[in-house]
Amino acid sequence: MITCADAVERLWVYLDGALTANDKAALEEHLGFCRVCCGEAEFAQELRGFLVRSAREELPEDVRARLIASLDELEAS
Amino acid sequence: MEAQLPRLYTIARRLVGDEAEDAVQDALLKAYRGFERLERASAGPAWLTAIVVNVCRDRGRARARAPAEVSIDVVGEFSLYRKIADEDPFPYSDSLHLDFLDQFGADDVRAVLERLPDRYRVPLVLVYVDGFATKEVARLLGTPLGTVLAQLHRGRKLFERELWNYAGEKGLLEGAS
């Protein structure tokens, strides 16, 4: 039986699919009866998606043009 | 190589911010100079990524911009989920936690990430934003896998804590109720 602190510490690794079979089983058993940790798990999943969506960067056209010009110069040299 | 530019720029942008273009320029030059050392074309994207990461880390060191170390005891106990529930910044909300995240624009998230020391931000970004496996990150950074896993754990906690601190400092929760 694991504690809430243990469960929370393992949540992201669980969501990464990187827990060992034993740790995964222990966490899922805990999530089966602990509503707070279930909420933590759902929020951790949201937070992962939020990080991916929000941190995406676009390559601005002017930067792309300058980098391609550099590539062309390197190829020509 | 041209096809890799958006990905390389994305990584550099999050590692060194406004210096991203210069970092990619440096990395392209290094890549051309070392091209004959690349044994398999299929390894090209990972090889280019490693060059960009190293260039960015060198720039990070040169700028000596890493914030002070944070105690694992302090950050290890922090739970953004519980903090939001305890502080209840949106008393009339039935989706309190999602409403909290909705206050952040892309620039805010970038600013929060930039508050994290490089040693935590770099693995966090490479794994959760760019989709690298932890083993690949360990190889790219020349760091033992166990260290990368520990950095990820602390980086996730720091990210959560800094989201909360940033929201308070920037007034993102003011008038929420």
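In the predicted model, helix α9 (residues 134-141) of chain B packs against α10(B) at an angle of about 110°, the two axes lying 9 Å apart; helices here are DSSP runs of H or I with at least four residues, numbered from the N terminus, and axes are lines fitted to C-alpha atoms over the stretch in contact, with angles running from 0 to 180 degrees between N-to-C directions. The angle makes α9(B) roughly perpendicular to α10(B), a label given to angles of 65 to 115 degrees, whereas angles under 35 count as roughly parallel, over 145 as roughly antiparallel and the rest as oblique. On the α9(B) side the contact is formed by B:Thr134, B:Lys135, B:Val137, B:Ala138 and B:Leu141, and on the α10(B) side by B:Leu145, B:Val148, B:Leu149 and B:Leu152, where contact requires that the C-beta atoms of two residues, placed from the backbone, lie within 7 Å. These residues divide into 7 nonpolar, 1 polar and 1 charged, with Ala, Val, Leu, Ile, Met, Phe, Trp, Tyr, Cys and Pro counted as nonpolar, Asp, Glu, Lys and Arg as charged, and the others, Gly among them, as polar.

Helix α10 (residues 145-169) of chain B has 25 residues and spans 35 Å from its first C-alpha to its last, close to the 36 Å expected at 1.5 Å a residue, the expected span being 1.5 Å times one less than the number of residues. After α10(B) comes B:Gly171, with a positive phi near 70°.

Between the chains, 22 residues of chain A are in contact with 28 residues of chain B. The side of chain A that touches chain B draws at least two residues from each of α1 (4-15), α3 (35-54) and α4 (61-76), and α3(A) gives the most, with 9 residues. By type, the residues of this side comprise 13 nonpolar, 3 polar and 6 charged.

The axes of α4(A) and helix α2 (residues 20-33) of chain B come within 10 Å and cross at roughly 20°, and the two helices are therefore roughly parallel to each other. Residues of this contact include A:Leu67 and A:Leu71 of α4(A) and B:Leu28 and B:Tyr32 of α2(B), and its residues divide into 8 nonpolar, 2 polar and 2 charged.

Chain A averages a pLDDT of 89, with 100% of the residues scoring at least 70, pLDDT being the predictor's confidence in each residue, from 0 to 100.

Residues are numbered from 1 along each chain as its sequence is written, and chains are lettered from A and ligands numbered from 1 in the order in which they are written. Because the model is predicted, local features need pLDDT of at least 70 and side-chain atom pairs count only at pLDDT 80 or more, while totals for chains, interfaces and linings use all residues.
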